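Let's take a friendly walk through a protein model, one step at a time. Have the sequence and the 3D view ready, and look for each part as we come to it.

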Amino acid sequence: MSDTTTRPVGVDIQENEQNRPVIEAIEADNPDCEVRHMPGMVRVTSPGKLVINRETVEERLGREWETHEFQLAIISYFGHIKDWDDDQILIAWDH
């Protein structure tokens, strides 16, 4: 039986000016995450779960942000989308 609390999940985000505040917000809300810059993208991994909070993204963007905009930023993700509503996106493993 694997330990799902430490099995890493993550997301690959296109590296550009529009997405920088999103990446900063993810770092702020996930203190255990690791951010790795690669050509054209940023990979953010975190043990167990990764949370993207609308409010935190809006604070960094300086404008309203809807969680569906995240679809335009991501290249891929690993883990499962456990929750995706107007306020938060949660990526984690089912088991």
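A residue counts as buried when its relative accessible area is under 20%, as exposed when that area is over 50%, and as partly exposed in between. Keep in mind that this is a predicted model.

Why are E58 and R54 separated by about one helical turn? Because they are four residues apart in helix 2. E58 is buried because its relative accessible area is 18%, whereas R54, at 23%, is partly exposed. Through the partners they share, salt bridges join R54, E58 and D87 into one network.

How many salt bridges does the structure hold? There are seven. Another of them brings together the side chains of R43 and D12, with 2.7 Å from N to O. This pair links distant parts of the chain, as R43 is in strand 3 and D12 in strand 1, 31 residues apart. D12 has a relative accessibility of 4% and so counts as buried, while R43, at 27%, counts as partly exposed.

Next, turn to helix 1, which spans residues 20–29 and whose buried residues are P21, V22, I23, A25 and I26. What do these buried residues pack against? Their neighbours are strand 1, strand 2, strand 3, strand 4, helix 2 and helix 3.

Finally, look at the surface. E64, E66, D85 and D86 gather there in a patch of negative charge. D85 lies in the loop between strand 6 and strand 7, and its relative accessibility of 34% is why D85 counts as partly exposed. A nonpolar surface patch of about 250 Å² is made by Y77, I81 and W84. Of these residues, I81 is found in strand 6 and counts as partly exposed because its relative accessibility is 31%.

Methods: Residues are numbered from 1 along each chain as its sequence is written. This is a predicted model: local features need pLDDT of at least 70, side-chain atom pairs count only at pLDDT 80 or more; totals for chains, interfaces and linings use all residues. Side-chain values use heavy atoms; hydrogens and water are left out. Buried means under 20% relative accessible area, exposed over 50%, partly exposed in between (1.4 Å probe, protein chains only). Helices (H or I, at least four residues) and strands (E, at least two) are DSSP runs, numbered from the N terminus. Contact means heavy atoms within 4.5 Å. Patches are made of residues with over 30% relative accessible area and no salt bridge: like charges are joined within 9 Å, nonpolar side chains (Val, Leu, Ile, Met, Phe, Trp, Tyr) within 5 Å. Accessible areas come from the Shrake-Rupley method with a 1.4 Å probe; for residues, only the protein chains shown count as cover. A salt bridge is a side-chain nitrogen of Lys or Arg within 4 Å of a carboxyl oxygen of Asp or Glu. Lys and Arg count as positive and Asp and Glu as negative; His and the chain ends are not counted. The place of a charge is taken as NZ of Lys, CZ of Arg, CG of Asp or CD of Glu.
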